[in-house]
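I opened my notebook beside the viewer today and jotted down what I looked up. Come and read along.

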Amino acid sequence: MQRYAAQRLLQLAPVLVSVSVLVFLMVHLVPGDPVQVMLQDYGTPAQAAALRHTLGLDRPLAVQYGVFAWRALHGDFGRSIRSGRPVSGEIALRLPYTLQLTAASMVVAIALGLVLGMIAALQHRRLPDYAAMVAALAGISLPSFWFGLVLILIFSYYLRWLPAAGADTPGSLILPAVTLGTSAASIIARLSRSSLLEVLRQEFIRTARAKGMREWRVLYRHGLRNALIPVLSIIGLQVAGLLGGAVIVETVFGWPGLGRLAIDAIFNRDIPMIQGIVLVAATIFVAVNLAIDLLYALVDPRIRYS
Amino acid sequence: MRAWASRPGDREDRNTKIARRRLLTRAAVAGAGAAASGWLSGLASPQAGAAAQGAPRRGGTLTLVLAQDPPSLDPQKTPSGDASHFLLYNMLVSADRSSDAFLPELADSWAIGEGGKVITFKLHPGVKFHDGTPFTSHAVQATISRLVDPQTAAPGASWIGPIDHVETPDDVTARLVFKQPYAPIFSSLRIIFLAMLSPAAIAKLGPNYGQTPVGAGPFKFRQWIPGDRIVLDRYADYAWAPRFYKNRGAPYVDGAVVRIIPDESTRVIAFERGDLDILPQAPAQAVSRLIQTNKYQVFRTPTDGGYYLGLNVTKPIFSDVRVRQALGWAINRDEVVDYALEKLAVPMDSPLAPTIWGYSKGLKHAYHHDPDRARRLLAEAGWKPGANGVVQKDGRPLAFTAWTFPLETNVRIGVVLQNQLKQVGVQMNIEQIETATLLARTPSGQHDAILISYGWPDADILYYFFHSSRMATTNRVHFSNPQVDRLLDEGRVTVDPAKRLEVYRELQETLLEQAPWIPLASPYAVTFAQPWVRDLYVDKYGDLLTNDVYIQK
């Protein structure tokens, strides 16, 4: 198990290298010049040249990448072109907010998704099943910027229970987490329903029932645990979706997370910032999926990593 | 702030502005309801809100809002100023908006010598920065040296003009010496790029000035949670507010909070919940609903810029001036105002908006809606009726693509223009393009036309848009005309205001006649304030004047 985890962690290296090369190429291929954006064209040529030199943008691309990679290996992503502050510092300020939001919406997604999925599976082809699946379809289809605003309108404007924007009170997290978690919940609901239905048709379930096991025990020990494996892998993939969806949700709710930092960085062609954020996001994504793979073994003893 | 709406993009300007220092002329003192009804009855220039009922109260917090974080709280490291900067900093002069005059701020008086090449400022004595160090002529020198140092890479550096050096004969005298006269200097001196910085803090903080900013303004820095809020404390020693304020001392409120809320709709809801005290630049679609609630103070003010259609004159179809003029006659600006801008704008008959210093009334080359004249001009230029109602010449239709930013207002204006131009046989396509891409692609002239907006309080802004020396950068229409160059150069060095106005009148006439730009409309800024915000003023550019403000809930 440890050996497997170590191997997987080693695989992180090539992933990060390719991601960094790709992002590096992409930010240099899209039109737009960070110096131009910063000085807004009203600067003098001397200023532009000085700034370009300070940022190292006057050097060959390969050298620029080399410098970036060498520094990044030492945990230094350089300074943001826009704010002049160290990229790692800015990410460190914003990452906790995004992790909080992602974790909270994951909780919402798993709780809501599994409950809906189980209800639907157990009430197969009855009203609760249809209701749950319609809800799930709606959850996937609702665009989060719209759904978020509707939640704000109801809970923040009319009922005044929760703040509309910001991150200053614990209640601030609720609406963004629900907004972000809803579409993931829908996917989890649909998948856990079909997975559970599949498992419940298996012969070992019939055997368990036949030997007089209580129904909730059948469900929990034999049904759910077996049904969870595909669900787990989709949860891992959903984390990527949540990190991406956070961009929109953070904007709607004024949540000071990494997603908004990324958007601003892209609009401003803040190359060091874009690279830093993408590397951090890629690392998180790989780490989460590794954690999920390790979880398989816990859920299903047949899976062993050796 | 609007000052930087002058850059061609206005992505960041939306809802972020509130900015320069300005003088207020109190037009009328009105309660919330009266202010709301005044909204319907034409324009009162500077607008006063809910007025004092007895003595102002101390305490409370003033909560403002921005759409995004300022890049830096260092005024020399930001391409645009906003509420957070103007609460922290003071400049040497402020502007009297009602009379085009400039008033003392940190400078008490000034004298212009050597034909405009030397300006000697007498500084206000006893001013202290937030770090406790005194404001002296050395601060003026250090601020300007840092601004023009290429290593600083200050986006606002060019606005100081051809400065040579700053002399400091004594602590309260600062002498700005220019290589040649620079007439727009006072417009520049009151913008945020020329905010006075503490020399001690410059030495101590270096490039990190913006992380713990030190100014001489009414509020001092406490905390900045990026993406969420900037928290400022009342600066108790403040005693040098510009003289148009009743309160020349420290603010009545204990502090100010600048919230960062990127989404327009969320911002409006946060305001309606009472989480925000002031909602600047309310989105057009929310304005009439907010007014109808009759709950808030409403300030409607003009702005110092506007929308225009810029034509790349190096493109074959636009190289003929008659085609450009035809576009000028084909457009109905009233419809642009009514349909695209929800009547929250005035039509523009000059490249300069009416509030910009240098704007001339009654220009004889101004365009109005005359589609027949447009058709005649096109016919004279050899364009004949062709397929699908689009005129053509040598088998090529008169069609072009205008680049604009993916902003609702820009696109709506584009659609109105598209329809109007179609009436005279011109086909206009609209392509939405993001700011950095537009900035990168226009210098090489890949575009046919651009549909964007600008803002700046002085006519010298035209230098950037039309001077042939700016071709590779801000002259996005690739326009080159010796007479225009001469007038732009002259406007810079003509220190006598009356003569300078004449120069700009001639320039506006020439630009209208040559028609590299089709001016469209200058939008209003609509600001809402909660009823408990007392003695707030919004000047004729939509900038907030907050030193008299107190909170009475």
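**The open sheet**

I began with a sheet in chain B of this predicted model. Six strands make up this open sheet, running β15-β21-β14-β20-β18-β19, with mixed pairing. I took helices (H or I, at least four residues) and strands (E, at least two) as DSSP runs, numbered from the N terminus; two strands pair if DSSP finds at least two bridges between them. From one strand to the next, the twist averages 30 degrees; axes are lines fitted to C-alpha atoms, for helices over the stretch in contact, and angles run from 0 to 180 degrees between N-to-C directions.

I then picked out β14 (residues 305-311) and β21 (residues 517-523) of chain B, which are antiparallel over four bridges. Which residue is the bridge partner of Gly310(B) in β21(B)? I found Trp517(B) there.

**Ground rules and confidence**

Residues are numbered from 1 along each chain as its sequence is written, while chains are lettered from A and ligands numbered from 1 in the order in which they are written. Local features need pLDDT of at least 70, side-chain atom pairs count only at pLDDT 80 or more, and totals for chains, interfaces and linings use all residues; side-chain values use heavy atoms, leaving out hydrogens and water.

The model scores ipTM 0.85 and pTM 0.86. For chain B I noted a mean pLDDT (the predictor's confidence in each residue, from 0 to 100) of 88, with 90% of residues at 70 or more. Over residues 1-45 of chain B, pLDDT is below 50, yet the stretch has 177 contacts (heavy atoms within 4.5 Å) beyond near neighbours in sequence. Where pLDDT is low, predicted coordinates should not be read in detail.

**The cores**

A nonpolar core is a set of buried Ala, Val, Leu, Ile, Met, Phe, Trp, Tyr and Cys residues joined through side-chain atoms within 4.5 Å. Buried means under 20% relative accessible area, exposed over 50%, and partly exposed in between (1.4 Å probe, protein chains only).

The largest core has 114 residues, and those touching the most other members are Leu92(B), Phe121(B), Phe135(B), Val140(B), Ile461(B) and Phe466(B). Helix α13 (residues 461-466) of chain B gives the most to this core, with six residues. Apart from this core lies another of 87 residues, including Leu51(A), Phe77(A) and Ala282(B).

**Aromatic rings**

Rings of Phe, Tyr and Trp (its six-membered ring) pair if their centres lie within 6.5 Å; planes under 30 degrees apart count as stacked, over 60 as edge-to-face and the rest as tilted. Phe155(A) and Trp161(A) are tilted, at 6.0 Å centre to centre and 40 degrees between planes. Phe155(A) is partly exposed at 25%, and Trp161(A) is exposed at 61%.

Phe102(B) and Phe186(B) form a tilted pair too, at 5.6 Å and 35 degrees. Phe102(B) sits in β4 (residues 101-104) and Phe186(B) in α4 (residues 185-189), 84 residues apart. Is Phe186(B) buried or exposed? At 9% relative accessibility, Phe186(B) is buried.

I also logged one aromatic cluster that includes Tyr308(B), Phe466(B) and Trp517(B).

**A hairpin**

Last, I looked at β9 (residues 219-225) and β10 (residues 229-234) of chain B, antiparallel over six bridges. Three residues separate them in a hairpin, where Gly227(B) in the turn has a positive phi of about 85 degrees. Gln223(B) stands opposite Val231(B).
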